[in-house]
Amino acid sequence: MNTNDTRPIEPSDDEILAGVHRHLTDAEPLIPLTKAWAGGDVTRPREVRTSVRSRVGFGGFAPFVAIAAVLVIVVGAGLGSRSFGWGGGGPTGPTGYTIVYQLQGTAAHPVTQADLDTTASVLEERLNSISIGAQSIEKLPPDELAVHLPLGSNVEIARQVLDVTGQLAFVLLPKATYGDVTSPGSVAVPVAGSSLDPALLATAEFTGADLDPNAISASEGPVSPGFWVINFAFGGTKASEFEAWSGRHINEYFAIVLDGRVMSVPYIKSAIVGGSGQISGDFNEAGAKLVAAYLRYGPLPCPVQEVSFLVDGVVQTSQPSPPVSVTVTLGTFAAADSNGPIVAPSVTTPTDIPSSGRTLGSPSAPVTIDIWIDYQDPNSRDFELQIMPQLIERYVRPGKARIVVHDMIVIDVIGGGVESAHAAAAARCAGDQGKFWQYQDWLWANQEREGSGTFSDDRLIGLAGNVGLDTQAFSQCLTDGTHAAEVQAESSAAGSAGITGIPAIKVNGALVQSYDFETVSAAIEAAAASSSVAPASPR
């Protein structure tokens, strides 16, 4: 043996085959991404470059190239259950979640590299703003992005951040069609969550691009702890333009619209000085920060659509997951000098259950549930929002019971105000138009501090507009005091009926000692079992 020979030792045939086998075992499948085209969904494979490297020497390897090629073909057919590293422009596929989005261009606005860059930047800012840090956002020209998230990330919340285009618009509702606070129009004002006519949306004089990004924030509401608001202001000359515009449209309605969906429809009480305000609703912290992120970092240049979702590089579904909509309840705009925001209700009374005046449920129901409330009382609000829906579904909908609402004015008596009585009278005015229960939903959603002006006559009329009432007839009913005497009479009679606090509940005439669901439910079950029907309650 020549010990001075420095040439590499050539591997044996068995060593070469073993090396090939090792690398084939480590190979991963090529998983094409689903590509959504205008004419249908087409699977478009991506180019993938791979190489086989081995620490064994390559001398003598050439005779076995053909064998290796055959092995690749044979073994490759069984690689579908494994993962494959991306290359050649595809997502790098780090450990964790990957959501692949396609930018939805149009013939008039095809997707450009600038669109891809802007979308990647905006999405990254959105994720960071709600503490979902993206591991990376990878651009996949010509029109796709791969968002890589660490394992353990809240994917559904991330989708809510990513799937929204974020186009905000302030749209005046033409007085000739929608009327104003003093006179109803031929068309009811749209409600929160509904879609706005695209032709009307095209007339928007102000958009999210006019806002000052530095003035957009989410904060806990000062009046209702636990409920968050989005603060905003117009930037530059737009602030004075918005002030002048609002001054020209006193008492008219305008819609705040996000991606074509109505967030709220307030009316303009006075010129909005400074062009600043809030968007309020039943936001939790995450929901408020979510919407603030849409506004602060601007809209996407075009909509995006999810086309693939991968875990550790493996596609989880053959079809894209459906977009996740924003489920937080959005409320209304409040000018800086207003008495506070008008908030859309998050809990609403079903409209498919028979009702008459202040009675909900079948007239022939064997059990009557009488409830005494004050619209400024927080405990009454908690009962209406938390316990009432359970009673409706468990007993009223099946026809086992009916609910009757009564007024007991307590807060005004204690504080020397009038808002509880006026709110009760307003609910009865709404009942004259067949919408007592809908109006009551808005009262509970907008309850704030006692005597804060939340239930001033102007605000009560504003609520009527959101409910879709004839505001002229409603305003006349309220200001004339049509139901004022009835409210006071019923409140006074409550004491004679043994009602000493609110909320108070009677089941078939028997006072229930507590207003929690279990206690009230037990009383209803006992009343139903006894087959004793109490006389009809006054409406």
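This is a predicted model: local features need pLDDT of at least 70, side-chain atom pairs count only at pLDDT 80 or more; totals for chains, interfaces and linings use all residues.
Local features were considered at pLDDT of at least 70 and side-chain atom pairs at pLDDT 80 or more, whereas totals for chains, interfaces and linings use all residues. Residues are numbered from 1 along each chain as its sequence is written, and side-chain values use heavy atoms, with hydrogens and water left out.

Secondary-structure elements are DSSP runs numbered from the N terminus, with helices (H or I) of at least four residues and strands (E) of at least two. Strand S13 (residues 304-311) is mostly covered, 6 of its 8 residues being buried (under 20% relative accessible area, 1.4 Å probe, protein chains only). Pairing of two strands requires at least two DSSP bridges between them. Strand S3 (residues 97-103) runs antiparallel to S13 and is joined to it by 7 bridges; Ile-99 lies opposite Phe-309 of S13. S13 also pairs with strand S14 (residues 314-315) in the antiparallel sense, over 2 bridges, and Leu-310 faces Val-315 of S14. The S13 and S14 hairpin has 2 residues between the strands, and Asp-312 adopts a positive phi near 55 degrees.

Helices H13 (residues 457-467) and H14 (residues 471-479) pack at about 150 degrees, their axes 9 Å apart; axes are lines fitted to C-alpha atoms over the stretch in contact, and angles between N-to-C directions run from 0 to 180 degrees. H13 is therefore roughly antiparallel to H14 (over 145 degrees). In contact (heavy atoms within 4.5 Å) are Asp-457, Leu-460, Ile-461, Ala-464 and Gly-465 of H13 with Thr-471, Phe-474, Ser-475 and Leu-478 of H14.

Terms used: Angles under 35 degrees count as roughly parallel, over 145 as roughly antiparallel, 65 to 115 as roughly perpendicular and the rest as oblique. Buried means under 20% relative accessible area, exposed over 50%, partly exposed in between (1.4 Å probe, protein chains only).
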